[in-house]
Amino acid sequence: MTGRSDKKFCDLHCKSSYHYRRSLEEAQRFYNFVDNQLRQNRRLLKAYNKSGKSTIRAKVLHDQGFNPKFFTHYWKNTKGDVYLFVYEYGFLKRHEHDVEKYVLITWQSYMGK
C-alpha cells in the first residue's frame, strides 16, 4: 500500500466493500425496518385496489407480508369508521360471516389534506 502511514484500505472500492459487508451483518436499523414495512404495505394495497374501492380477505394480504400496525395517517368518515392509510391507499378492517376482511380505498380530495 502506498500513501499515508495510517491508511486502512487500498482504495475507495475496498473501503466501500468493507463497510457494505459490515452493514449487512448489523441488525437492521429501526428507521429502515419501518420504511421497508410501509413500502411493502403500500405496494400490496396498490396492487389489490385497482378500482379505487375493493374488499379483500385479510389473510391474502397478511400472507404476503402486510402488517396493519404500520400506517402513515388515518381518516374518520361521517359514520365513525376509521380508515388507516399508507400514503394514498387506505384500509378498514371488517368482519363478515366470521371472515376478517379489509375494505380498500384510495385517498380523495374531500377527505382533507
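## Close-up views of a predicted model

**View 1. Strand β5 sits inside the fold.** Six of the eight residues of β5 are buried, so this strand is largely enclosed by the rest of the structure. Here buried means under 20% relative accessible area, exposed means over 50%, and partly exposed lies in between, using a 1.4 Å probe and protein chains only. Helices (H or I, at least four residues) and strands (E, at least two) are DSSP runs, numbered from the N terminus. This is a predicted model, in which local features need pLDDT of at least 70 and side-chain atom pairs count only at pLDDT 80 or more, while totals for chains, interfaces and linings use all residues. Residues are numbered from 1 along each chain as its sequence is written, and side-chain values use heavy atoms, with hydrogens and water left out.

**View 2. Five strands make an open sheet.** Follow the sheet across and you meet the strands in the order β1-β5-β4-β3-β2, with antiparallel pairing. Two strands count as paired if DSSP finds at least two bridges between them. At the edges stand β1 (53-57) and β2 (73-76), each with a single partner strand, so one side of each has no neighbour in the sheet. From one strand to the next, the twist averages 30°; for such angles, axes are lines fitted to C-alpha atoms, for helices over the stretch in contact, and the angles run from 0 to 180 degrees between N-to-C directions.

**View 3. Strand β5 has partners in β1 and β4.** With β1, strand β5 (residues 99-106) pairs in the antiparallel sense over five bridges. Look for S54, whose bridge partner in β5 is L104. The pairing of β4 with β5 is also antiparallel, and runs over eight bridges. In that pairing, L92 is found opposite V103 of β5.

View 4. H97 belongs to the loop between β4 and β5 and has a positive phi of about 55°, although it is not a glycine. D98 is in the loop between β4 and β5 as well, and its phi is also positive, near 60°. Most residues other than glycine have a negative phi, and most peptide bonds are trans. H97 counts as exposed, at 76% relative accessibility, and D98 is exposed too, at 82%.

View 5. A nonpolar core is a set of buried Ala, Val, Leu, Ile, Met, Phe, Trp, Tyr and Cys residues joined through side-chain atoms within 4.5 Å. The largest one has 13 residues, and those touching the most other members are L45, L61, F66, F91, Y102 and L104. At least two residues come from each of α2 (30-48), α3 (58-63), β4 (89-96) and β5, and α2 gives the most, with three. Apart from this core lies another, of seven residues, including W75, F85, V103 and I105.

View 6. Setting aside residues within four places in sequence, F91 is in contact (heavy atoms within 4.5 Å) with L45, F66, P68, V82, Y83, L84, V86, Y102, V103 and L104. Ring pairs also join F66, F91 and Y102 into a cluster.

**View 7. F9 and Y18 form a tilted aromatic pair.** The whole structure holds eight aromatic pairs. Rings of Phe, Tyr and Trp (its six-membered ring) pair if their centres lie within 6.5 Å; planes under 30 degrees apart count as stacked, over 60 as edge-to-face and the rest as tilted. For F9 and Y18, the ring centres are 5.4 Å apart and the planes stand at 45°, so this pair is tilted. F9 is partly exposed, with a relative accessible area of 22%, and Y18 is partly exposed at 35%.

**View 8. D81 reaches R94.** D81 lies in the loop between β2 and β3 (82-86) and is buried, at 17% relative accessible area. Its side chain makes a polar contact with the side chain of R94 (3.1 Å). A polar contact is a pair of N or O atoms within 3.5 Å; within protein, one must be able to donate a hydrogen and the other to accept it, and residues adjacent in sequence count only if both atoms are side-chain atoms. Leaving aside neighbours within four places in sequence, D81 is in contact with W75, K76, L92 and R94.
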